[in-house]
Amino acid sequence: MRLGAVAVAAGAALLASACGASSGSGSGASTGGKPVAGGTATFALLPGTTPNYIFPMLTAAYYSVANIEQFQRLSFRSLYWIGNGQGQPVVDPAMSLAQTPTYSHGNTVVTVHLGDYAWSDGQPVTTRDVAFWINLLKVNKGSFAAYIPGEFPDSLKSYKIVNAKTIVFTMTKSVNPTWFTYDQLSQITPLPRAWDKTSASGKVGNYDQTTAGAKAVFNFLTAQSKNIATYGSNPLWKIVDGPWKMVNYQSSGYVKFQANPNYAGPSKPKLKYFIEQPYTSDTAELNVLRSGSSIDYGYLPEQEASQKGQLASQGYTTVPWQGWGTTFFLMNWQSPKTGPLVHQLYIRQAMQSLIDEKSFVSGPLKGYGHVNYGPVPSQPSNPYSDAYETKGPFPYNPKKAVQLLSGNGWTVKPNGTSTCAKPGSGAGQCGAGIAADTPLSFTLKFGSGAVVVSQEMQALKSDFSKAGIAINLSSAPFDSIISLLTPCKSAQASCSWQMLNYGGGWTYGVDPYPTGDQLFATGSGSNSSNYSDPHADQIISQTIHGPGSLTAYEDYMAQQMPVLWMPQPVNQVSEISTKLHGVLPQSPIGSLTPENWSLTK
């Protein structure tokens, strides 16, 4: 879930545009009614996307919107909040723990000043809490999904705690200020010093300041976070600086939060409780929604768009939730069986040419989405996406797909399975590592529970068969699929998967400046497809340190297809009770701010 520059100036202008906008109290779905003091609001979780990791330093197996934006951030806030009162993916200074950072010495020195926040146990949030997070990261960076070799903390030459509110970072080389603020500083989440311990009964110390100690503390907190049965009672998770404190958690994914009366942010919670309710399928959620009870903020499955009128009669307002991201499914570049196929550009181009995105948008998505051919979002409107990527170099064209395959040594068998007739790595041959008679066949596992995803995959299987590309489908819950998304090597048992579609793609959340360093840079902890391209690494680096632009990056990725691009749906078609206020605008990165919400009778 993360990523970032048309140019530094454009990004800096975007950052500046946020300074005058605050999330404030938000807008309501309706007006009128008698205000309720306190009360409980219930939010319906998407199928299978249950929150199951609370420690804010996650591995790739837990790295999701459900865990970060809709779970952890309710209780633990990072230095900079993304998303303003206009629904734009920009930093909101008013909602951030820290003031806008300053850059000096050729953008090699970064100074951060904290605001006046406190932990729920009464202790202030200080720069020592910031250093605690950094110290754990430095020693355990390989276990953090957002870690990219050469970036933070590798790029941090040193840091200096000036006082309880000011910390200064000295970098190894110049950084793009917008990228560093949006995609690096926004990841830093101060941790309460009460967590600096190596066992539940151990004393609090300064263990994080040594390598052995930082490893022991990290292992302890990781183990505690994996023990979801204790979430509702574990005293660790009761010390929060966010507006909400977890009071009940069930293994199904049900979570109940209580308002934190000591929250020092700009918007104090008006509700007393906030509940996240899981559902095994979107049909199950819709059935509850139709009853007009127990869900204040739900969603309408796209395939049931005709039900909008009935839900309106039940007191719901329909509001599409536009996200800031890109959608795709993964090909495993390290698969011992299909990796050699994936490495062939013409095969990737052929497969992309068989994805009928316009039909997916008008069909399964019922118009709630748009075509998507690259890593930089084209919606909402932004200064980053360009015409080449937006149009797509390889739109739906089955004839083009057949030509690409037959021109590179394949015997194409529509409605069957194409085979390699000309092995070898020369012109007109199948390519390196592909033996004679190799079938053009893949297994694809996709997320269960969402009817739209199933419909898309069935349609994709049919379209791929037009060029003799056989797709063997199976489904599994979202959490089960993302548990496989750990970078691997072909010799490892964990690298046997061939294609995965967890039902989404990438939300640029704590990294809204979409450079691609997390998604596609060699060695990135979130580069789950195991993609590696020296030229891609070079142009990604140029957007981080300058003077590169996003145009070169996005156009190269649109042409190279490290993943297979899919149409970008809205996050969800939200159904918001007319009794619930303060919800709008919905965050483009998927985060929730129930502290802004209120109920009326």
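Student: Which classes of residue make up the lining of the largest pocket?

Tutor: The lining of the largest pocket has eight nonpolar, 13 polar and one charged residues, where Ala, Val, Leu, Ile, Met, Phe, Trp, Tyr, Cys and Pro count as nonpolar, Asp, Glu, Lys and Arg as charged, and the others, Gly among them, as polar. This is a predicted model, in which local features need pLDDT of at least 70 and side-chain atom pairs count only at pLDDT 80 or more, while totals for chains, interfaces and linings use all residues. Residues are numbered from 1 along each chain as its sequence is written, and side-chain values use heavy atoms, with hydrogens and water left out.

Student: How much space lies in the second largest pocket, and what gives the most to its lining?

Tutor: The second largest pocket has about 190 Å³ of space, and its 15 lining residues include Ile148, Pro149, Glu151, Ser541 and Ile544 as the closest to the centre. Helix H16 (residues 534-545) gives the most, with five residues, and by class the lining divides into seven nonpolar, four polar and four charged. Helices (H or I, at least four residues) and strands (E, at least two) are DSSP runs, numbered from the N terminus.

Student: Which classes line the second largest cavity?

Tutor: Its lining divides into ten nonpolar, eleven polar and no charged residues. The cavity has about 210 Å³ of space, and of its 21 lining residues Val583, Pro585, Gln586, Ser587 and Thr593 are the closest to its centre.

Student: Why is the pair of tyrosine 297 and tryptophan 597 called tilted?

Tutor: Rings of Phe, Tyr and Trp (its six-membered ring) pair if their centres lie within 6.5 Å, and planes under 30 degrees apart count as stacked, over 60 as edge-to-face and the rest as tilted. The count by this rule comes to 32 aromatic pairs. For tyrosine 297 and tryptophan 597 the centres are 5.3 Å apart and the planes stand at 55°, so the pair is tilted. The two residues are 300 apart in the chain, tyrosine 297 in strand E9 (residues 297-299) and tryptophan 597 in the loop between strand E22 (580-581) and strand E23 (598-599).

Student: Why does threonine 317 count as partly exposed?

Tutor: Buried means under 20% relative accessible area, exposed over 50% and partly exposed in between (1.4 Å probe, protein chains only), so threonine 317, at 24%, counts as partly exposed. Threonine 317 belongs to strand E10 (residues 316-321). Tyrosine 297 and tryptophan 597, by contrast, are both buried.

Student: What makes helix H9 mostly covered?

Tutor: Seven of the eight residues of helix H9 (residues 345-352) are buried, among them Tyr346, Arg348 and Met351. Over the protein chain, 58% of the 601 residues count as buried.

Conventions
On a 1 Å grid over the protein atoms alone, a cavity is a set of points where a 1.4 Å probe fits but cannot get out, and a pocket is an open set with protein on both sides within 12 Å along at least five of seven lines; lining residues have an atom within 4 Å of a point. Grid points are joined across faces, edges and corners, and a volume is the space filled by probe spheres set on the points.
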